[in-house]
Amino acid sequence: MIDFNTLNQQQSNAVTALFGKIKIVAGAGSGKTRVLATRYAYLTETIGIDSNNILCLTFTNKAAQEMKRRILSMISNSAIINDFICTIHGFCVKFLRQEIYRLGYPKTFNIIDNEDSKGYAKKIMEQFGQDRSVQTVKQFLTNINRQKNILRSDYIPLMLSGATLKEDNEFEMYLREQLKTFSLDFNDLIHFTTYILNKFSDVREKWQEQFNFIMVDEVQDCNLSDWEIITILSARHGNLFIVGDPDQAIYEWRGAKPELFVQFSSDQQIILNENYRSTKNILDIANSVITNNDNRIQKDLFTRKKKYQHAIYFHGHSEIEEATWVVNNIKDAIQRDVKPQDIAILYRASHNSRIFEQQLIKEQVPYTIWGGIRFFERKEIKDI
């Protein structure tokens with residue numbers, strides 16, 4: 001059952017904004033997943049749109065599963081949950097299983113992961129006499145993926161039967177290895193989809209006709225090819241609902257174009273700026289930082305939560321100084337009867353745990369690593 005009493009006014013406006021190009025600027029912790037799930041339920045339960053005519057694109061598989069779970073809690077007919085609540089890559093797989101035969105590929109084409117790609121890379125590197133001490137397999141694949149993303153769908157003709165490939169070109173020989181087994185990597189899924197949509201008008205019109213409503217989450221992290229797919233599919237009915245926040249764009253190094261979200265011309269723009277996750281102290285800090293961003297849409301996050309403890313800022317001049325300060329604060333807190341299980345250290349990437357682990361071990365503070373392996377228990381470290 002859809003309960004609009006659980007939504008604030010901006011969220012309600014977003015859920016009921018149905019037609020045209022709708023741009024939702026969703027600040028951190030502002031309930032964007034709730035809005036997307038509620039809007040999907042509203043379209044199917046209240047408006048009566050067939051779920052097969054709705055495409056809901058998320059950024060990760062985990063987000064897609066959470067979206068389905070939330071929708072299921074609001075609807076009476078679980079059968080409306082289908083495969084079109086998915087990631088962009090997930091949609092491309094479904095699309096290509098139906099349409100890739102047009103390029104001479106079987107519908108049972110292979111999808112290769114990073115380990116499979118390494119096998120192709122090693123073969124080509126050996127063929128060209130590459131010294132792996134000069135260029136690693138990882139670096140080789142990084143160059144391959146960079147070329148694919150620069151060329152976008154322009155390299156697809158090189159992966160079709162009958163293509164004339166240059167024997168002295170590592171990139172083209174790598175593509176030949178893929179072609180031999182009709183194998184696509186994650187980049188290919190996107191680029192093959194855009195190639196077919198652009199080349200075959202009947203395919204394009206069929207899929208455009210199918211999706212009356214398209215919703216896309218985390219649009220600030222979409223790259224040019226993602227945008228191309230979204231733009232093509234929404235061209236017929238024009239009902240495109242995009243949700244994003246340029247202040248949370250972290251994938252520009254991978255080709256994301258948050259400026260396209262900022263510049264997106266919409267029929268209606270709604271800003272979700274009430275935060276349900278953090279205290280006012282935290283929001284004041286976040287607002288003071290993000291207000292200096294150049295490429296953004298103006299919004300001020302606020303919360304109805306009361307102020308709590310003040311945030312403390314410390315600028316360590318080295319990793320060791322930072323870790324020492326953190327661990328000393330933890331020891332002081334434990335001496336004040338704070339329970340160890342109520343204390344957490346958050347870091348940006350898994351390799352950052354090392355310096356904190358070293359200091360915790362030195363100060364004899366027991367700890368547990370969540371979602372990973374202790375630095376000194378990792379296989380490569382134990383080997384060393």
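Trainee: What should I know about the model before we start?
Mentor: It is predicted, so local features need pLDDT of at least 70 and side-chain atom pairs count only at pLDDT 80 or more, whereas totals for chains, interfaces and linings use all residues. Residues are numbered from 1 along each chain as its sequence is written, and side-chain values use heavy atoms, leaving out hydrogens and water.

Trainee: Where is R296?
Mentor: R296 is in the loop between α12 (280–290) and α13 (319–335). Helices here are DSSP runs of H or I with at least four residues, strands are runs of E with at least two, and both are numbered from the N terminus.

Trainee: Is R296 buried or exposed?
Mentor: R296 is buried, at 13% relative accessible area. Buried means under 20%, exposed over 50%, and partly exposed in between, using a 1.4 Å probe and protein chains only.

Trainee: Which side chain has a polar contact with that of R296?
Mentor: The side chain of Q298 does, at 3.2 Å. A polar contact is a pair of N or O atoms within 3.5 Å; within protein, one must be able to donate a hydrogen and the other to accept it, and residues adjacent in sequence count only if both atoms are side-chain atoms.

Trainee: Let us change topic. Where does I229 sit?
Mentor: I229 belongs to helix α10 (residues 224–233), and it is buried, with 1% relative accessibility.

Trainee: What does I229 touch?
Mentor: Beyond residues up to four places away in sequence, I229 touches I88, F91, C92, I190, T193 and T194; contact means heavy atoms within 4.5 Å. The C-alpha atoms of I229 and T194 are 6.1 Å apart, although 35 residues separate the two along the chain.

Trainee: And strand β2, why is it largely enclosed?
Mentor: Five of the five residues of β2 (residues 54–58) are buried, so the rest of the structure largely encloses it. I54, C56 and T58 are buried on one side, and L55 and L57 on the other. In a regular strand, side chains alternate between the two faces of the sheet.

Trainee: Which strands pair with β2?
Mentor: Strand β6 (residues 213–216) runs parallel to β2 and is joined to it by four bridges, with C56 opposite M215. Strand β3 (residues 85–87) also pairs with β2 in the parallel sense, over three bridges, and there L57 has C86 as its bridge partner. Two strands pair if DSSP finds at least two bridges between them.
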